Amino acid sequence: MKRTSILIICSLLFSWFMQSCEREIMSYQGKPGIYFAVQHGFSGGGETTWPYQPNTNVEFFKILEDEAIVNIKVMATGSVSNIDRPFKVEINPDSTNAVLGTHYEALTGDFFIPKGEASTNISLKVKRTADMQVKDIKIGLKLIPNEHFELAFPEFHAVEDLYYGDIVESFDASLHTLVINDVMTKPSEWYGNASASTGLEGGLFGEFSRKKLELICEVCNLTYADFCDPNIMISLLRYEIRNTMSRYLTLALESGNPILEDDGRLMWVMSCSWSSYLGVPYDPEN
């Protein structure tokens, strides 16, 4: 009896697993179709655990260069072919506020699913601009049906029990949007702040500002990503940053070239000899 029960349970589990797998690979019947197969999620995951997404975020504050190449995965349904199969992709004006030549370069070249393959990447060059610090710049892409492909999954539904992260339950997989910004937020491993009541800066790094973080990265040869990783931003490194920046800011002040925040106050980290209050400009007479 016990052995029979075990076999029944195993049979049920196997049946559920096979149904889940069929849904996971988004089985498709009919003429070959094409869709955007972009996945992303938590840093420890991958394509086996990341959900499919209708958007790709491009965060320039994490990128050292002023230009970036964004790769967007396109996948075909059905069997692979022994010939290259062209497909068409265009800019979608309905979801685009980016300006060609200013925010991005035009799509160029021929796009095709290579023979023997089920997917490929299309590449789009995007450019950093000042307006990305105050608003999101969007570039919408849309796939166009042709003699080789129809549009697959115009209403894609996520399988929530197979993936982890921010799941978008339903979207049109023939469309994809790049959301580009340069709005720097305080990273998780920033140690410092200002008093809510007095505005006095405290902690190792004081109040966060983009200007201060960028200067720290320049002087200490670090990146924004380093301030998001607790395995990198260990105690020893944090105190080395404080010591290095304290000396740097002090030398700048003593040489007559004080480094100021945007509100006019002296930039500050722990061990600087002066106090710093939000909104109180530096007065060389005091």
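Me: How many disulfides does the count come to?
Reply: Zero disulfides. This is a predicted model, so that count rests on sulfur atoms in predicted coordinates, with a cut-off of 2.5 Å for a pair.

Me: Which cysteine sulfur is nearest to that of Cys228, and how far away?
Reply: That of Cys217, at 9.8 Å. Cys228 is in no disulfide because a pair has to lie within 2.5 Å.

Me: Where does Cys217 sit?
Reply: In helix α2, residues 210-220. Cys217 is one of the buried residues there.

Me: What follows α2?
Reply: Asn221. Its phi is positive, near 55°, and Asn221 is not a glycine. Most residues other than glycine have a negative phi.

Me: Where is Asn221, and is it buried or exposed?
Reply: Asn221 is in the loop between α2 and α3. It counts as exposed, at 70% relative accessibility.

Me: What about Ser271, what is its phi?
Reply: Near 90°, again a positive value in a residue other than glycine. Ser271 lies in the segment after α3. At 45% relative accessibility, it counts as partly exposed.

Me: Which residues line it?
Reply: Leu253, Arg265, Leu266, Trp274, Ser275, Ser276, Tyr277, Val280, Pro281, Tyr282, Asp283 and Asn286.

Me: How does that lining divide into nonpolar, polar and charged?
Reply: Seven nonpolar, three polar and two charged. Arg265 and Asp283 are in the lining, and both residue types count as charged.

Me: New topic. Where does Ala130 lie?
Reply: In the loop between β6 (119-127) and β7 (137-144). Ala130 is exposed, with a relative accessible area of 64%.

Me: How far is Ala130 from Asn181?
Reply: They are 51 residues apart in sequence. In space the separation is 9.6 Å, C-alpha to C-alpha.

Me: Zoom out. How many helices and strands does the chain have?
Reply: Three helices and 13 strands. The chain has 286 residues, and 39% of them count as buried.

Me: What share of the contacts comes from residues 24 or more positions apart?
Reply: 69%, taken over contacts with a separation of 6 or more.

Me: What does the chain average in pLDDT?
Reply: The average is 89. At least 70 is reached by 88% of the residues.

Me: Where does pLDDT stay under 50?
Reply: Over residues 1-20, for one. The model has two contacts for that stretch beyond four places in sequence. Over residues 22-28 the pLDDT is below 50 as well. That stretch has 15 contacts in the model beyond near neighbours in sequence.

Me: How should I treat those coordinates?
Reply: Where pLDDT is low, the predicted coordinates should not be read in detail.

Conventions. Residues are numbered from 1 along each chain as its sequence is written. This is a predicted model: local features need pLDDT of at least 70, side-chain atom pairs count only at pLDDT 80 or more; totals for chains, interfaces and linings use all residues. Side-chain values use heavy atoms; hydrogens and water are left out. On a 1 Å grid over the protein atoms alone, a cavity is a set of points where a 1.4 Å probe fits but cannot get out, and a pocket is an open set with protein on both sides within 12 Å along at least five of seven lines; lining residues have an atom within 4 Å of a point. Buried means under 20% relative accessible area, exposed over 50%, partly exposed in between (1.4 Å probe, protein chains only). Helices (H or I, at least four residues) and strands (E, at least two) are DSSP runs, numbered from the N terminus. pLDDT is the predictor's confidence in each residue, from 0 to 100. Contact means heavy atoms within 4.5 Å.
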